[in-house]
Structure formats: C-alpha cells, structure tokens
Amino acid sequence: MSDSQSSGASVCLSFDLDAISFWVGMLGLSSPTYISRGEFAATVAAPRILDLLDREEVKSTWFIPGMDAEAYPDVCKRIRDSGHEIGHHGYAHEVPTNLDEPAERRMIERGLEALDQVLGVTPTGYRSPAADLSPNTTSLLVEYGFRYDSSLWGSDYGMYRCRTADVVDPELPVQFGDELDLVEVPLGTIIDFVLLEFVMTPGLLLPASTDVVALGKRWIDDLEFLVDQVPGGTLTGVWHPAAIGRASKLRTVENFIRRGKELGVPFKTMSEAAEEWKSAH
C-alpha cells in the first residue's frame with residue numbers, strides 16, 4: 001500500500017511513567033542509585049518525550065502509578081494539560097498476581113485516589129504494572145468503572161473483550177469464562193523496557209544489549225505491516241521514559257511517528273480507539 005493510505009488503521013502511543021514506584025514497589029530497591037533512576041524518568045525523560053509529542057502534535061496515553069503522581073505532580077500535570085490521556089498503573093507498581101482480592105482492590109483504590117487528588121482525573125483505562133492480571137483483575141476493573149484494559153497479549157493489531165473466571169487446570173479441559181464489558185487494547189509488538197534498560201537484581205537480569213537502530217527498524221516494520229495487511233487494525237506502542245528517554249533511543253520514537261504520518265495513520269489515545277472499537281462491535 002502506498003504512503004498516505006492507512007486502510008483505516010490507527011496507532012496508540014503509550015508511555016508507562018514508572019519512576020520511583022517501579023524500583024521500590026516492584027523490586028524492593030530504594031538505595032540512592034535506584035531512586036535517581038526514577039528521578040531521571042520523571043524529571044528528564046518524560047519532559048523530553050512531551051517536547052517531542054508537542055513538536056509532532058500527536059496525543060498519547062500515559063499510565064501513571066499513584067506513588068509517582070504524588071512524587072512528581074508537575075510533570076504529571078503537564079501530561080494532563082497537554083491533552084494526553086492518563087491511565088491507571090497501580091499505586092506502587094504492584095504485581096497483581098502477588099495480591100489477594102482485598103489487597104488488589106486497595107491497590108486500585110489507592111491509584112484512583114492519587115490520580116484524583118493530584119490531577120483531578122478519573123481514568124477509564126488500566127494497565128497492569130507487571131503486564132499480568134490476577135484471576136480477580138478484570139471483574140474488579142468492571143466494578144470500578146474502567147472501560148478498557150491494556151495488559152494482555154491475545155492479539156497484536158486487534159482489540160477484543162476481556163473475560164473473567166477462566167478455568168485452566170492441567171487435569172481438566174480448558175474452560176473459558178464469560179466476556180465482560182471491558183475492551184482489551186493489547187500490548188502488541190512494541191515494548192522497550194526489557195530490551196533497552198539494564199537491571200540486575202537477585203533473580204532478574206536485563207542486559208540492555210539490544211541494537212537500538214535495528215529495534216527502531218523492527219517497530220517501523222510492524223507499523224508498515226499494519227497498514228499493508230490489517231485493515232482497521234490498531235497498533236499499540238508501549239514505552240517507558242526511563243528506557244526510551246535517552247537520545248538515540250528517543251530517535252526511534254520520533255522516526256516511528258514520522259513514518260506513521262507518511263503512511264497517513266492517525267494517532268489516537270487508547271480511550272478514543274477503545275470506544276470506537278466498542279461502537280463498531
């Protein structure tokens with residue numbers, strides 16, 4: 001397909017503003033080195049990304065843990081005031097599969113309270129801090145009024161409805177649960193942190209050895225496949241300021257946006273894309 005013909009496809013740019021919460025809440029690391037890495041994400045990388053989005057005049061969705069909204073209100077207010085969507089991303093970047101139902105409920109409530117108190121925002125979208133959901137998550141999201149989730153991998157260019165109460169037991173046939181009034185905007189093919197950021201803790205090693213130029217080309221290949229092969233599809237980009245906010249890495253996002261414009265692909269917030277999908281299905 002030639003440039004400026006998007007076949008009804010669209011792109012959702014998203015950024016997970018994992019600052020201090022990721023290191024403290026998920027990995028239990030609170031030494032000055034790890035706090036400084038969180039500070040970089042919020043005070044240097046996020047403004048740099050916002051400058052790029054301003055220049056390119058595109059809107060995006062930012063998933064913000066409540067702890068980081070409280071710690072860095074100014075950059076979060078800039079995200080809001082620039083017209084970007086804000087989504088729920090836990091409170092202290094908790095892993096839902098480690099939480100029982102009351103604890104997960106409290107995590108959702110604390111995140112909602114922080115985003116309301118700091119930003120006056122009630123999010124309609126949720127992304128799990130660990131890209132994984134507990135057996136209770138989807139039903140809790142519906143209970144708390146969320147319209148969409150973006151944590152799963154059941155498609156790369158297509159949305160679908162979340163389920164609850166799947167039964168998956170090696171001793172039994174798989175039983176799929178009921179569909180919910182909750183749209184899944186899947187994580188898709190573009191994700192940066194596990195490929196670009198160095199982390200070494202007991203039980204976890206991310207070597208940050210990826211060729212950045214090759215990775216950026218792969219992301220553009222994914223975009224071009226969308227336009228050529230998936231009419232009406234949506235591609236989600238999942239980036240983290242801590243990982244993508246440095247010079248050569250941020251160029252990959254800039255190149256991705258500019259190629260999308262050449263192809264005539266509209267950039268939408270996730271809530272826009274999810275509501276359009278829901279209306280059509």
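Val 168, Val 174 and Phe 176 make a nonpolar surface patch of about 340 Å². Such patches are made of residues with over 30% relative accessible area and no salt bridge, with nonpolar side chains (Val, Leu, Ile, Met, Phe, Trp, Tyr) joined within 5 Å and like charges joined within 9 Å. Accessible areas come from the Shrake-Rupley method with a 1.4 Å probe, and for residues only the protein chains shown count as cover. The structure is a predicted model, in which local features need pLDDT of at least 70 and side-chain atom pairs count only at pLDDT 80 or more, while totals for chains, interfaces and linings use all residues. Residues are numbered from 1 along each chain as its sequence is written, and side-chain values use heavy atoms, with hydrogens and water left out.

Helices (H or I, at least four residues) and strands (E, at least two) are DSSP runs, numbered from the N terminus. The relative accessible area of Val 174 is 48%, and the residue is therefore partly exposed; buried means under 20%, exposed over 50%, and partly exposed in between (1.4 Å probe, protein chains only).

The UniProt record, an unreviewed entry, places the feature "domain: NodB homology" at residues 32-156. UniProt positions are given in the numbering used here, feature names are shortened, and annotations may be inferred rather than shown by experiment. Over residues 32-156 the chain is 53% helix and 10% strand, and the end C-alpha atoms are 38 Å apart.

Strand E3 (residues 85-88) is covered on both faces: Glu 85 and Gly 87 on one side are buried, as are Ile 86 and His 88 on the other. Strand E2 (residues 61-64) runs parallel to E3 and is joined to E3 by four bridges, where pairing requires at least two DSSP bridges between the strands. His 88 in E3 stands opposite Ile 64.

The count of disulfides, each a pair of cysteine sulfur atoms within 2.5 Å, comes to zero. For Cys 162, the closest cysteine sulfur is in Cys 12 at 15 Å, too far for a bond. Cys 162 is buried at 1% relative accessibility, and Cys 76 is buried at 0%.

Salt bridges, defined by a side-chain nitrogen of Lys or Arg within 4 Å of a carboxyl oxygen of Asp or Glu, number 19. One of them links Arg 127 with Asp 16, with the closest N and O atoms 2.7 Å apart. Arg 127 lies in the loop between strand E4 (125-126) and helix H6 (137-143), and Asp 16 in strand E1 (residues 10-16), so the pair ties together parts that are 111 residues apart in sequence. Both partners are buried, Arg 127 at a relative accessible area of 2% and Asp 16 at 3%.

In another salt bridge, between Glu 224 and Arg 259, the closest N and O atoms are 2.9 Å apart. Because Glu 224 lies in helix H8 (residues 212-229) and Arg 259 in helix H10 (residues 247-262), this pair ties together parts that are 35 residues apart in sequence. Glu 224 is partly exposed at 24% relative accessibility, whereas Arg 259 is buried at 17%.

Arg 251 and Glu 254 also meet in a salt bridge, at 2.7 Å from N to O. Their positions in helix H10 are three residues apart, a separation of about one helical turn. Arg 251 is exposed at 52% relative accessible area, while Glu 254 is buried at 6%. Salt bridges that share partners join Glu 56, Arg 251, Glu 254, Arg 258 and Lys 261 into one network.
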